[in-house]
Amino acid sequence: MMDVNRKSTTVVESWEGSKERQSYTHIMTKNASVSYTWAFQRTNQAQDVRRYISDVVKLYSVSVTNVQDGVASACRACALLSQSSQRSGSSSCIPCPAGFYIDRDTNRCQECPPNTYLSGHHTYGEDACLPCGPGSKSSKEHSRCYSDCSFSHTENNRTLTFDLSSLSTVASLTNGPSFTSKGTKYLHIFNVSLCGHQGKMAAVCTDNVTDLASKDMGSDSTQFVNSVDSFICQSTIIPADGRGFRTALASQSISLADTFLGATVESVLDGINARPELFSDNSKGIPDINFFYRSTQATGSCERGRSAVMTIRCNPEKTDRGQLTVPSACPAGTCDGCTFHFLWESGSACPRCTQDDYHQIEGACKGGVQETLSVWNEPKLCTKGMSLPAKSSAPCEAIALWLKVGVGGGAFLAVLLISLTCYFWKKNKRLEYKYSRLVMSANKECELPAADSCALAEGEEPEDDVVYSHKPSLLGKLRAIANKQREGDSSESVQLKSSQSERWVWG
């Protein structure tokens with residue numbers, strides 16, 4: 001329990017049941033006189049006192065650090081003042097500035113390397129500067145790591161760059177309502193500081209229970225206000241109705257994220273699981289960005305402290321500010337009381353536009369000018385970054401003269417060749433038809449009776465000379481037929497007489 005200026009006593013942390021040996025840290029953020037009290041109670045039932053008589057609690061050590069003008073519980077190594085700066089009688093032991101550690105070899109103050117933060121418990125040696133996680137950078141004082149609202153991810157030889165500056169201001173989310181066993185209505189409100197602010201934890205949750213009580217007593221209320229500064233904090237709100245107060249009550253303000261671990265598209269970081277199955281599937285094709293946080297303040301049920309995962313999702317249908325939600329399966333934001341999950345859908349969570357997000361359409365060549373128009377790929381899944389190039393025009397030639405002549409000559413030769421082929425083919429068919437008709441008519445009109453005998457009688461000599469006819473070739477027949485057709489004669493027959501036989505010769 002904590003007693004501030006002997007006027008207000010609040011329970012800082014409590015444990016129940018059997019617990020192993022553990023370490024607990026409480027941070028005092030106000031400059032005030034504070035008293036701490038540890039109380040142990042075996043049971044709240046009188047009849048069970050003897051039952052738990054052997055139960056004990058042990059405090060092994062209490063360490064107080066960063067005391068101003070007070071008494072510390074231990075001494076640590078300090079940096080030495082440089083010889084040129086020392087004055088006679090002055091102390092050679094000086095504190096190092098913020099973000100500096102004590103070098104082991106020279107005992108001088110050395111600044112931590114870039115993107116590292118200084119561990120508050122160990123400032124001796126360079127190993128006191130711890131590296132920041134992926135997607136984060138250190139504050140100017142190297143006191144903590146934070147996100148500067150920019151993130152890059154390379155996938156399939158393409159680099160996606162995100163600008164989350166629209167999400168830098170503090171956002172609030174109220175879920176519920178929920179009800180106690182007695183029917184009292186209460187809500188949970190979350191304040192989120194995602195990025196920016198040079199590492200300052202801008203999310204503030206304030207208890208006003210003691211503030212309202214002090215106003216009733218007419219005393220100064222500023223001494224009793226308990227506030228929590230964090231990346232993500234939570235307060236329990238009891239609405240004004242039914243409680244006798246004119247304003248809502250805010251109490252149990254706790255920090256869910258006082259340490260930023262890093263941002264990545266992976267689902268696990270430093271033992272914290274993002275659990276994407278708690279939210280609807282991402283159908284946009286742009287990978288989600290997971291911001292991982294941890295609270296160094298351990299509790300009885302969360303030995304490593306509370307943790308939080310903020311999932312940033314690209315959704316062009318949302319506004320730049322977007323919408324912050326918790327899983328429907330865990331309406332309180334957590335399913336186990338130790339890890340909290342949030343989903344932030346926003347149009348500004350889409351990657352910055354690059355030349356891969358648009359394509360160009362070339363128009364027809366008109367009047368020696370060709371226009372080129374640029375349009376976004378559909379659906380558009382980018383924001384800010386590169387803008388669409390303006391419409392451009394360039395001189396062009398519709399078709400070159402030599403190409404026109406070549407195409408025209410080739411077309412003419414093709415038509416001529418096809419025409420000649422068709423002409424000769426038709427002529428050949430006509431000649432074949434006429435020749436066949438001629439042969440048929442000749443066989444019908446000039447058919448002679450067969451001779452009784454083609455041989456000569458014994459001692460008989462031929463009286464007439466024999467006329468031989470040479471069988472013409474096919475080309476000769478075609479020429480003869482063509483000539484006869486021109487003269488108008490369809491056929492011609494010549495009768496040859498002899499004493500032995502009669503022959504017909506066709507010419």
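**Ground rules**

I'm working with a predicted model, where local features need pLDDT of at least 70 and side-chain atom pairs count only at pLDDT 80 or more, while totals for chains, interfaces and linings use all residues. Residues are numbered from 1 along each chain as its sequence is written, and side-chain values use heavy atoms, with hydrogens and water left out.

My strand and helix names are DSSP runs, numbered from the N terminus: helices are H or I with at least four residues, strands are E with at least two. I call two strands paired if DSSP finds at least two bridges between them.

β15 and β18 (residues 232-238) pair in the antiparallel sense over six bridges. β18 also pairs with β19, again antiparallel and over six bridges. Here I noted Thr236, whose bridge partner in β19 is Ser251.

The whole open sheet runs β14-β15-β18-β19, with antiparallel pairing. β14 and β19 are the edge strands, each pairing on one side only. From one strand to the next I get an average twist of 20° (axes are lines fitted to C-alpha atoms, for helices over the stretch in contact, and angles run from 0 to 180 degrees between N-to-C directions).

Is β18 enclosed or left open? Seven of its seven residues are buried, so β18 is largely enclosed by the rest of the structure. For me, buried means under 20% relative accessible area, exposed means over 50%, and partly exposed is in between, using a 1.4 Å probe and protein chains only. In a regular strand, side chains alternate between the two faces of the sheet. I checked both faces of β18: Ile232, Gln234, Thr236 and Ile238 are buried on one side, and Cys233, Ser235 and Ile237 are buried on the other.

**Entry: the five-strand sheet**

Next I traced another open sheet, of five strands in the order β20-β23-β24-β26-β25, with mixed pairing. β20 and β25 (323-325) stand at the edges with a single partner strand each, so one side of each has no neighbour in the sheet. The twist averages 20° from one strand to the next here. β25 and β26 pair in the antiparallel sense over three bridges. Leu324 has Trp344 as its bridge partner in β26.

**Entry: the cores**

A nonpolar core, as I use it, is a set of buried Ala, Val, Leu, Ile, Met, Phe, Trp, Tyr and Cys residues joined through side-chain atoms within 4.5 Å. The largest one has 35 residues, and Ile232, Phe291, Tyr293, Met310, Ile312 and Phe342 touch the most other members. Strands supplying at least two residues each include β13 (158-163), β14 (171-179), β15 (185-192) and β19 (249-257). The largest share, four residues, comes from β24.

I picked out Ile312 and listed its contacts (heavy atoms within 4.5 Å). Leaving out residues up to four places away in sequence, Ile312 touches Leu164, Leu167, Leu194, Asp288, Ile289, Phe291, Trp344 and Ala349. I also found a second, separate core of six residues, among them Leu261, Leu269, Ile272 and Phe292.

**Entry: rings and charges**

I pair rings of Phe, Tyr and Trp (its six-membered ring) if their centres lie within 6.5 Å; planes under 30 degrees apart are stacked, over 60 edge-to-face, and the rest tilted. That gives nine aromatic pairs. One of them is Trp15 with Tyr24, edge-to-face at 5.3 Å centre to centre and 90° between the planes. Trp15 is partly exposed at 36% relative accessibility, and Tyr24 is partly exposed at 27%. Ring pairs also link Phe231, Phe260, Phe291 and Tyr293 into a cluster.

I count a charge as over a ring if NZ of Lys or CZ of Arg is within 6 Å of the ring centre and within 35 degrees of the ring normal. The charged end of Arg21 sits over the ring of Tyr60, 3.9 Å from its centre. Lys380 lies over the face of Trp376, at 4.5 Å from the ring centre.

**Entry: two single residues**

Thr383 belongs to strand β30 (residues 383-385) and is buried at 17% relative accessibility. Glu397 sits in the loop between β31 (392-395) and α2 (401-445) and is exposed, with a relative accessible area of 68%.
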